[in-house]
Amino acid sequence: MAAFVTHPSVMAQQSTGPGIQKRLSEIFSGSKEEELLEPDQAFKLKVVVSGPTTLVVDLIPASGYYLYKERIRFALKNARGVGIKSVKLPAGKIMIDPTFGKMETYDKPVQAEIALERAPNAKSVTLAANYQGCNEKTGVCYSPIDKELTLTLP
């Protein structure tokens with residue numbers, strides 16, 4: 001925040017309109033409703049093993065946040081005898097992003113179904129999930145989020 005605090009004589013030399021100062025004040029105010037959530041609160045992840053060859057992943061953006069469909073990825077680690085066969089995600093909402101252009105997004109909870117190919121003796125696997133989203137009101141986008149969960153297969 002120190003980058004925006006300037007000496008009054010420097011401020012006088014800037015030719016910014018009152019709208020800019022007001023917007024900066026709003027962004028950096030201490031108001032609770034304008035504070036950005038921590039990544040784990042803004043974008044929650046829940047994984048359930050729903051059968052011997054199916055994982056169900058719930059991605060839950062907080063109110064006022066959205067996820068990019070294109071930035072949701074899954075991989076397996078420590079997965080001897082197990083591989084991802086397919087990942088099904090529902091259609092998202094199309095929006096025009098100022099940086100990325102036309103993007104498919106989720107501003108409500110979304111469920112991904114991951115079908116696995118599995119050898120009979122495979123008992124556990126680590127699911128690596130990677131996803132990215134933004135705060136709709138401020139336009140602030142989070143760095144990609146990486147999560148790993150070790151799961152026991154039935």
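Biologist: In this predicted model, are Tyr 65 and Tyr 142 buried or exposed?

Modeller: Both Tyr 65 and Tyr 142 are buried. Buried means a relative accessible area under 20%.

Biologist: How is the pair of Tyr 66 and Tyr 68 arranged?

Modeller: The rings of Tyr 66 and Tyr 68 are edge-to-face, with 90 degrees between the planes and 5.6 Å from centre to centre. Planes over 60 degrees apart count as edge-to-face. Tyr 66 is buried, at a relative accessible area of 6%, and Tyr 68 is buried too, at 0%.

Biologist: What is a disulfide in general, and which cysteines form one here?

Modeller: A disulfide is a covalent bond that joins the sulfur atoms of two cysteines. The structure holds 1 disulfide. Its partners are Cys 134 and Cys 141, with sulfur atoms 1.9 Å apart. The torsion about their S-S bond is about 95 degrees, so the disulfide is right-handed.

Biologist: How accessible are Cys 134 and Cys 141?

Modeller: Cys 134 has a relative accessible area of 0% and is therefore buried. Cys 141, at 35% relative accessibility, counts as partly exposed.

Biologist: What is the general idea behind a nonpolar core, and how many residues has the largest one here?

Modeller: Nonpolar side chains tend to be buried together in soluble globular proteins. Here the largest nonpolar core has 29 residues. Those with the most contacts inside this core are Phe 43, Val 57, Leu 59, Phe 74, Val 82, Leu 127 and Tyr 131. The elements that supply two or more residues to the core are strands S1 (43-51), S2 (54-61), S3, S4 (73-77), S8 (110-118), S9 (124-131) and S11.

Biologist: Which residues does Val 82 contact, leaving aside its neighbours within four places in sequence?

Modeller: With those neighbours left aside, Val 82 is in contact with Leu 76, Leu 116, Glu 117, Arg 118, Ala 122, Val 125 and Leu 153.

Biologist: Let us turn to a polar residue. Is Asn 135 buried or exposed, and which polar atoms lie by its side chain?

Modeller: Asn 135 is found in strand S10 and, at 8% relative accessibility, counts as buried. Its side chain makes a polar contact of 3.3 Å with the side chain of Tyr 65. A polar atom of the Asn 135 side chain also lies 2.8 Å from the backbone nitrogen of Thr 138. Beyond four places in sequence, Asn 135 is in contact with Leu 36, Gly 64, Tyr 65, Tyr 66 and Val 140.

Biologist: Where is Thr 105 placed, and what does it touch?

Modeller: Thr 105 lies in strand S7 (residues 101-106) and counts as buried at 3% relative accessibility. Not counting residues up to four places away in sequence, Thr 105 touches Tyr 66, Leu 67, Tyr 68, Lys 69, Gly 92, Lys 93 and Met 95.

Biologist: Finally, the loops. Where do Asn 78 and Asn 121 lie?

Modeller: Asn 78 lies in the loop between S4 and strand S5 (82-88), and it is exposed, with a relative accessible area of 65%. Its phi is near 50 degrees, a positive value in a residue other than glycine. Asn 121 lies in the loop between S8 and S9 and is exposed, with a relative accessible area of 62%. Asn 121 and Leu 153 are 32 residues apart in sequence, and their C-alpha atoms are 10.0 Å apart in space.

Definitions and conventions
Residues are numbered from 1 along each chain as its sequence is written. This is a predicted model: local features need pLDDT of at least 70, side-chain atom pairs count only at pLDDT 80 or more; totals for chains, interfaces and linings use all residues. Side-chain values use heavy atoms; hydrogens and water are left out. Buried means under 20% relative accessible area, exposed over 50%, partly exposed in between (1.4 Å probe, protein chains only). Rings of Phe, Tyr and Trp (its six-membered ring) pair if their centres lie within 6.5 Å; planes under 30 degrees apart count as stacked, over 60 as edge-to-face and the rest as tilted. A disulfide is a pair of cysteine sulfur atoms within 2.5 Å. A nonpolar core is a set of buried Ala, Val, Leu, Ile, Met, Phe, Trp, Tyr and Cys residues joined through side-chain atoms within 4.5 Å. Helices (H or I, at least four residues) and strands (E, at least two) are DSSP runs, numbered from the N terminus. Contact means heavy atoms within 4.5 Å. A polar contact is a pair of N or O atoms within 3.5 Å; within protein, one must be able to donate a hydrogen and the other to accept it, and residues adjacent in sequence count only if both atoms are side-chain atoms.
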